Amino acid sequence: MSSPITLHNRVKEILYSITGITLTQNKDIMIANRLHKLQRDTNFTGSIEKLLDRIEEGSYVKEFINSFTTNKTHFFREDFHFVDLRDRVLPDFIKQSKEIKMYCSASSTGEEPYSMAMTALCAQEALKQKTKVSIIATDIDTNVLQYAANGVYRYSKSSKEFPEWIKPQKYFQKRVKKNFNDEEILIKIKTEIQKMLTFQIMNLNDSSYPFLEEEFDVIFCRNVLIYFSNEDQNNILKKLFIHLKMGGTLYLGHSENPHDLGDYTKRVGQNIFIKTKELTW
Ligand SMILES: C[S@@+](CC[C@H](N)C(=O)[O-])C[C@H]1O[C@@H](n2cnc3c(N)ncnc32)[C@H](O)[C@@H]1O
(Lines give C-alpha, C1' and ligand atoms only; values in the text may rest on other atoms or scores of the structure.)
Protein backbone atom coordinates (compact mmCIF):
# COMPACT_ATOMS: atom_id res chain seq x y z
CA MET A 1 0.00 0.00 0.00
CA SER A 2 1.38 3.45 -0.89
CA SER A 3 1.80 6.19 1.73
CA PRO A 4 -0.97 8.82 1.94
CA ILE A 5 1.40 11.42 0.44
CA THR A 6 2.22 9.27 -2.59
CA LEU A 7 -1.43 8.32 -3.00
CA HIS A 8 -2.62 11.92 -2.76
CA ASN A 9 0.04 13.10 -5.21
CA ARG A 10 -1.16 10.47 -7.64
CA VAL A 11 -4.77 11.67 -7.23
CA LYS A 12 -3.63 15.25 -7.86
CA GLU A 13 -1.77 14.21 -11.02
CA ILE A 14 -4.73 12.27 -12.41
CA LEU A 15 -7.14 15.10 -11.55
CA TYR A 16 -4.86 17.64 -13.22
CA SER A 17 -4.40 15.59 -16.35
CA ILE A 18 -8.17 15.13 -16.83
CA THR A 19 -9.62 18.43 -15.64
CA GLY A 20 -6.75 20.90 -15.25
CA ILE A 21 -7.84 21.39 -11.63
CA THR A 22 -4.82 22.06 -9.41
CA LEU A 23 -5.35 20.98 -5.81
CA THR A 24 -3.31 23.17 -3.50
CA GLN A 25 -1.45 22.04 -0.37
CA ASN A 26 -3.40 21.08 2.76
CA LYS A 27 -6.09 19.24 0.88
CA ASP A 28 -5.30 15.86 2.46
CA ILE A 29 -8.51 15.52 4.47
CA MET A 30 -10.58 16.58 1.48
CA ILE A 31 -8.79 14.09 -0.81
CA ALA A 32 -9.20 11.25 1.71
CA ASN A 33 -12.95 11.97 2.14
CA ARG A 34 -13.58 12.20 -1.56
CA LEU A 35 -11.66 9.00 -2.28
CA HIS A 36 -13.85 7.14 0.23
CA LYS A 37 -16.96 8.57 -1.37
CA LEU A 38 -15.67 7.60 -4.80
CA GLN A 39 -15.12 4.02 -3.62
CA ARG A 40 -18.69 3.93 -2.30
CA ASP A 41 -20.22 5.54 -5.41
CA THR A 42 -18.45 3.15 -7.76
CA ASN A 43 -19.05 0.08 -5.52
CA PHE A 44 -15.42 -0.71 -6.20
CA THR A 45 -14.32 -3.48 -3.85
CA GLY A 46 -10.56 -3.43 -4.54
CA SER A 47 -8.01 -1.06 -3.04
CA ILE A 48 -7.89 2.66 -3.80
CA GLU A 49 -4.65 2.08 -5.74
CA LYS A 50 -6.45 -0.44 -7.98
CA LEU A 51 -9.32 2.03 -8.45
CA LEU A 52 -6.84 4.71 -9.53
CA ASP A 53 -5.29 2.21 -11.98
CA ARG A 54 -8.74 1.67 -13.50
CA ILE A 55 -9.34 5.42 -13.74
CA GLU A 56 -6.03 5.85 -15.56
CA GLU A 57 -7.13 3.10 -17.95
CA GLY A 58 -10.32 5.08 -18.69
CA SER A 59 -12.92 3.51 -16.36
CA TYR A 60 -14.86 5.44 -13.68
CA VAL A 61 -13.61 8.75 -15.11
CA LYS A 62 -17.02 10.41 -14.82
CA GLU A 63 -17.37 9.35 -11.17
CA PHE A 64 -13.82 10.52 -10.45
CA ILE A 65 -14.48 13.98 -11.93
CA ASN A 66 -17.84 14.30 -10.16
CA SER A 67 -16.19 13.45 -6.83
CA PHE A 68 -13.49 16.08 -7.08
CA THR A 69 -15.33 19.14 -8.36
CA THR A 70 -16.43 21.84 -5.92
CA ASN A 71 -19.89 23.02 -6.91
CA LYS A 72 -20.69 25.82 -4.46
CA THR A 73 -23.02 28.35 -6.06
CA HIS A 74 -26.25 30.23 -5.43
CA PHE A 75 -28.80 32.36 -7.27
CA PHE A 76 -27.62 35.90 -8.08
CA ARG A 77 -24.17 35.33 -6.60
CA GLU A 78 -22.25 38.61 -6.89
CA ASP A 79 -25.51 40.25 -7.88
CA PHE A 80 -23.89 43.46 -9.22
CA HIS A 81 -23.02 41.45 -12.35
CA PHE A 82 -26.71 40.79 -12.95
CA VAL A 83 -27.52 44.45 -12.34
CA ASP A 84 -24.90 45.36 -14.98
CA LEU A 85 -26.36 42.80 -17.37
CA ARG A 86 -29.87 44.19 -16.77
CA ASP A 87 -29.02 47.89 -17.06
CA ARG A 88 -26.03 48.17 -19.40
CA VAL A 89 -26.06 45.12 -21.69
CA LEU A 90 -29.63 43.95 -22.21
CA PRO A 91 -31.53 47.18 -23.03
CA ASP A 92 -29.84 47.68 -26.45
CA PHE A 93 -30.65 44.14 -27.51
CA ILE A 94 -34.22 44.40 -26.32
CA LYS A 95 -34.88 47.82 -27.89
CA GLN A 96 -33.52 46.58 -31.25
CA SER A 97 -35.27 43.18 -30.91
CA LYS A 98 -31.86 41.65 -31.48
CA GLU A 99 -31.15 38.12 -30.25
CA ILE A 100 -28.72 37.92 -27.35
CA LYS A 101 -26.59 34.80 -26.93
CA MET A 102 -24.99 34.17 -23.57
CA TYR A 103 -22.61 31.53 -22.30
CA CYS A 104 -22.15 30.31 -18.73
CA SER A 105 -18.92 28.36 -18.61
CA ALA A 106 -19.08 26.60 -15.22
CA SER A 107 -22.78 26.43 -14.49
CA SER A 108 -22.70 23.98 -11.57
CA THR A 109 -26.25 23.17 -10.37
CA GLY A 110 -27.81 25.85 -12.59
CA GLU A 111 -28.41 28.80 -10.28
CA GLU A 112 -26.06 31.04 -12.28
CA PRO A 113 -27.49 30.49 -15.79
CA TYR A 114 -31.08 30.61 -14.45
CA SER A 115 -30.18 33.93 -12.80
CA MET A 116 -28.99 35.16 -16.23
CA ALA A 117 -32.32 34.07 -17.75
CA MET A 118 -34.40 35.71 -15.00
CA THR A 119 -32.39 38.91 -15.44
CA ALA A 120 -33.14 38.89 -19.18
CA LEU A 121 -36.86 38.43 -18.50
CA CYS A 122 -36.85 41.16 -15.88
CA ALA A 123 -35.20 43.61 -18.32
CA GLN A 124 -37.77 42.74 -21.00
CA GLU A 125 -40.64 43.27 -18.56
CA ALA A 126 -39.25 46.69 -17.60
CA LEU A 127 -39.02 47.76 -21.26
CA LYS A 128 -42.29 46.03 -22.17
CA GLN A 129 -40.58 44.50 -25.19
CA LYS A 130 -39.32 41.02 -25.99
CA THR A 131 -36.30 39.63 -27.75
CA LYS A 132 -34.85 36.17 -28.24
CA VAL A 133 -32.51 35.09 -25.45
CA SER A 134 -30.45 31.91 -25.58
CA ILE A 135 -28.06 30.67 -22.95
CA ILE A 136 -25.61 27.80 -23.24
CA ALA A 137 -24.50 26.47 -19.86
CA THR A 138 -21.68 23.96 -19.49
CA ASP A 139 -19.89 22.13 -16.72
CA ILE A 140 -17.56 19.15 -16.49
CA ASP A 141 -19.61 17.46 -13.75
CA THR A 142 -22.50 15.34 -15.06
CA ASN A 143 -24.28 15.21 -11.68
CA VAL A 144 -24.64 18.98 -11.44
CA LEU A 145 -25.70 19.21 -15.10
CA GLN A 146 -28.51 16.74 -14.41
CA TYR A 147 -29.54 18.70 -11.31
CA ALA A 148 -29.55 21.94 -13.32
CA ALA A 149 -31.60 20.45 -16.14
CA ASN A 150 -34.23 19.31 -13.58
CA GLY A 151 -34.45 22.87 -12.28
CA VAL A 152 -35.80 22.01 -8.82
CA TYR A 153 -34.42 23.93 -5.82
CA ARG A 154 -35.01 24.33 -2.12
CA TYR A 155 -36.34 27.75 -1.26
CA SER A 156 -36.57 29.24 2.17
CA LYS A 157 -38.96 32.14 2.70
CA SER A 158 -36.42 33.87 4.89
CA SER A 159 -33.66 33.42 2.30
CA LYS A 160 -31.95 36.53 1.01
CA GLU A 161 -30.76 34.72 -2.11
CA PHE A 162 -32.93 36.69 -4.53
CA PRO A 163 -32.35 40.45 -4.82
CA GLU A 164 -35.39 42.60 -4.17
CA TRP A 165 -35.81 43.35 -7.92
CA ILE A 166 -36.46 39.65 -8.65
CA LYS A 167 -39.79 38.11 -7.67
CA PRO A 168 -39.10 34.35 -7.62
CA GLN A 169 -42.80 33.49 -7.84
CA LYS A 170 -42.79 34.89 -11.41
CA TYR A 171 -40.12 32.45 -12.55
CA PHE A 172 -40.68 29.37 -10.40
CA GLN A 173 -43.64 27.22 -9.55
CA LYS A 174 -44.13 25.71 -6.11
CA ARG A 175 -43.63 21.98 -5.91
CA VAL A 176 -45.53 19.65 -3.65
CA LYS A 177 -43.52 19.60 -0.50
CA LYS A 178 -42.40 16.34 0.94
CA ASN A 179 -40.62 16.22 4.28
CA PHE A 180 -40.27 19.96 4.14
CA ASN A 181 -41.43 22.37 6.78
CA ASP A 182 -43.39 25.57 6.25
CA GLU A 183 -40.19 27.54 6.16
CA GLU A 184 -38.58 25.60 3.32
CA ILE A 185 -40.32 24.55 0.10
CA LEU A 186 -39.30 23.11 -3.24
CA ILE A 187 -39.56 25.34 -6.28
CA LYS A 188 -39.23 24.43 -9.96
CA ILE A 189 -38.11 26.78 -12.68
CA LYS A 190 -40.92 27.42 -15.18
CA THR A 191 -40.76 25.57 -18.49
CA GLU A 192 -40.63 28.73 -20.59
CA ILE A 193 -37.42 29.72 -18.79
CA GLN A 194 -35.94 26.24 -19.09
CA LYS A 195 -36.46 26.51 -22.85
CA MET A 196 -34.04 29.46 -22.99
CA LEU A 197 -31.20 27.27 -21.74
CA THR A 198 -29.14 24.41 -23.13
CA PHE A 199 -27.03 22.43 -20.67
CA GLN A 200 -24.10 20.47 -22.00
CA ILE A 201 -20.97 18.82 -20.73
CA MET A 202 -17.72 20.61 -21.51
CA ASN A 203 -14.23 20.52 -20.09
CA LEU A 204 -12.51 23.91 -19.92
CA ASN A 205 -9.25 21.96 -20.05
CA ASP A 206 -10.00 20.86 -23.65
CA SER A 207 -7.72 22.35 -26.30
CA SER A 208 -10.64 24.15 -28.01
CA TYR A 209 -14.32 24.71 -27.36
CA PRO A 210 -17.29 23.58 -29.52
CA PHE A 211 -18.60 27.06 -30.36
CA LEU A 212 -18.38 29.43 -33.29
CA GLU A 213 -15.92 32.30 -33.32
CA GLU A 214 -17.57 35.38 -31.80
CA GLU A 215 -20.70 33.38 -30.99
CA PHE A 216 -21.55 35.06 -27.68
CA ASP A 217 -22.52 38.55 -26.61
CA VAL A 218 -21.91 37.70 -22.97
CA ILE A 219 -19.69 35.16 -21.24
CA PHE A 220 -19.84 34.32 -17.53
CA CYS A 221 -16.70 32.59 -16.27
CA ARG A 222 -16.96 32.94 -12.52
CA ASN A 223 -15.46 31.13 -9.57
CA VAL A 224 -13.93 28.36 -11.64
CA LEU A 225 -10.57 29.82 -12.74
CA ILE A 226 -9.52 29.76 -9.08
CA TYR A 227 -9.15 25.97 -9.36
CA PHE A 228 -6.50 26.30 -12.09
CA SER A 229 -2.85 27.36 -12.15
CA ASN A 230 -2.15 30.93 -13.35
CA GLU A 231 -0.85 29.64 -16.67
CA ASP A 232 -3.92 27.47 -17.24
CA GLN A 233 -6.27 30.32 -16.21
CA ASN A 234 -4.67 32.48 -18.89
CA ASN A 235 -5.05 29.75 -21.51
CA ILE A 236 -8.71 29.16 -20.63
CA LEU A 237 -9.46 32.86 -20.88
CA LYS A 238 -7.76 33.10 -24.27
CA LYS A 239 -9.77 30.12 -25.57
CA LEU A 240 -13.02 31.65 -24.26
CA PHE A 241 -12.16 35.04 -25.77
CA ILE A 242 -12.29 33.59 -29.31
CA HIS A 243 -16.01 33.01 -28.80
CA LEU A 244 -16.82 36.47 -27.42
CA LYS A 245 -18.08 39.09 -29.90
CA MET A 246 -16.25 42.40 -30.27
CA GLY A 247 -17.95 44.69 -27.75
CA GLY A 248 -19.24 41.66 -25.84
CA THR A 249 -18.95 41.37 -22.05
CA LEU A 250 -16.93 38.96 -19.95
CA TYR A 251 -17.81 38.54 -16.26
CA LEU A 252 -15.21 37.02 -13.93
CA GLY A 253 -15.52 35.93 -10.28
CA HIS A 254 -14.54 38.29 -7.45
CA SER A 255 -11.05 36.86 -6.94
CA GLU A 256 -10.25 36.20 -10.60
CA ASN A 257 -8.36 38.41 -13.03
CA PRO A 258 -8.20 38.73 -16.81
CA HIS A 259 -4.46 37.93 -17.15
CA ASP A 260 -3.33 38.69 -20.73
CA LEU A 261 -6.85 39.75 -21.75
CA GLY A 262 -6.28 42.98 -19.85
CA ASP A 263 -4.72 44.50 -23.01
CA TYR A 264 -7.63 43.41 -25.19
CA THR A 265 -10.47 44.54 -22.96
CA LYS A 266 -11.82 47.59 -21.20
CA ARG A 267 -12.79 47.22 -17.57
CA VAL A 268 -16.24 48.72 -16.99
CA GLY A 269 -17.01 47.47 -13.49
CA GLN A 270 -15.94 45.03 -10.79
CA ASN A 271 -14.53 42.15 -12.82
CA ILE A 272 -16.59 43.19 -15.85
CA PHE A 273 -14.66 43.44 -19.13
CA ILE A 274 -15.68 44.51 -22.63
CA LYS A 275 -13.80 43.04 -25.60
CA THR A 276 -12.09 45.90 -27.43
CA LYS A 277 -9.45 44.14 -29.55
CA GLU A 278 -9.02 40.83 -31.28
CA LEU A 279 -6.45 38.63 -29.59
CA THR A 280 -3.63 37.28 -31.74
CA TRP A 281 -1.88 34.26 -30.22
C1 LIG B 1 -17.56 26.75 -7.46
S2 LIG B 1 -18.50 26.27 -8.86
C3 LIG B 1 -18.90 27.87 -9.54
C4 LIG B 1 -20.31 27.90 -10.09
C5 LIG B 1 -20.75 29.26 -10.64
N6 LIG B 1 -19.97 29.65 -11.79
C7 LIG B 1 -20.73 30.33 -9.60
O8 LIG B 1 -19.93 31.27 -9.70
O9 LIG B 1 -21.50 30.25 -8.65
C10 LIG B 1 -17.22 25.68 -9.97
C11 LIG B 1 -17.75 24.78 -11.08
O12 LIG B 1 -16.71 24.60 -12.04
C13 LIG B 1 -16.80 23.28 -12.56
N14 LIG B 1 -15.51 22.89 -13.15
C15 LIG B 1 -14.35 22.57 -12.51
N16 LIG B 1 -13.41 22.22 -13.38
C17 LIG B 1 -13.95 22.33 -14.62
C18 LIG B 1 -13.47 22.10 -15.94
N19 LIG B 1 -12.22 21.67 -16.17
N20 LIG B 1 -14.30 22.31 -16.97
C21 LIG B 1 -15.57 22.74 -16.76
N22 LIG B 1 -16.10 22.97 -15.53
C23 LIG B 1 -15.29 22.76 -14.47
C24 LIG B 1 -17.19 22.45 -11.35
O25 LIG B 1 -17.79 21.23 -11.72
C26 LIG B 1 -18.15 23.38 -10.61
O27 LIG B 1 -19.49 23.10 -10.90
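## The pocket

On a 1 Å grid over the protein atoms alone, a pocket is an open set of points with protein on both sides within 12 Å along at least five of seven lines. A molecule sits in a pocket if more than half of its atoms lie within 2 Å of its grid points. In this predicted model, the largest pocket is the space taken by the ligand.

## Basis of the values

The model is predicted: local features need pLDDT of at least 70, side-chain atom pairs count only at pLDDT 80 or more, and totals for chains, interfaces and linings use all residues. Residues are numbered from 1 along each chain as its sequence is written, and side-chain values use heavy atoms, with hydrogens and water left out.

## Around the ligand

Polar contacts are pairs of N or O atoms within 3.5 Å. A polar side-chain atom of Arg-77 is 2.8 Å from a ligand oxygen atom. For Asn-71, a side-chain N or O atom lies 3.0 Å from an oxygen atom of the ligand. Thr-19 has a backbone N or O atom 3.0 Å from a ligand nitrogen atom. Of the 610 Å² of accessible area that the ligand has on its own, the protein covers 99% (Shrake-Rupley method, 1.4 Å probe).

## Domains

An automatic or database assignment divides the chain into domain 1 (4–68) and domain 2 (80–151 + 190–275). Their centres, taken over C-alpha atoms, are 30 Å apart. In contact (heavy atoms within 4.5 Å) are 10 residues of domain 1 and 10 residues of domain 2.

Definitions and conventions: Polar contact = N/O pair within 3.5 Å; in protein donor to acceptor, adjacent residues only side chain to side chain. 1 Å grid on protein atoms, 1.4 Å probe; cavity = no way out; pocket = protein on both sides within 12 Å on 5 of 7 lines; lining within 4 Å.
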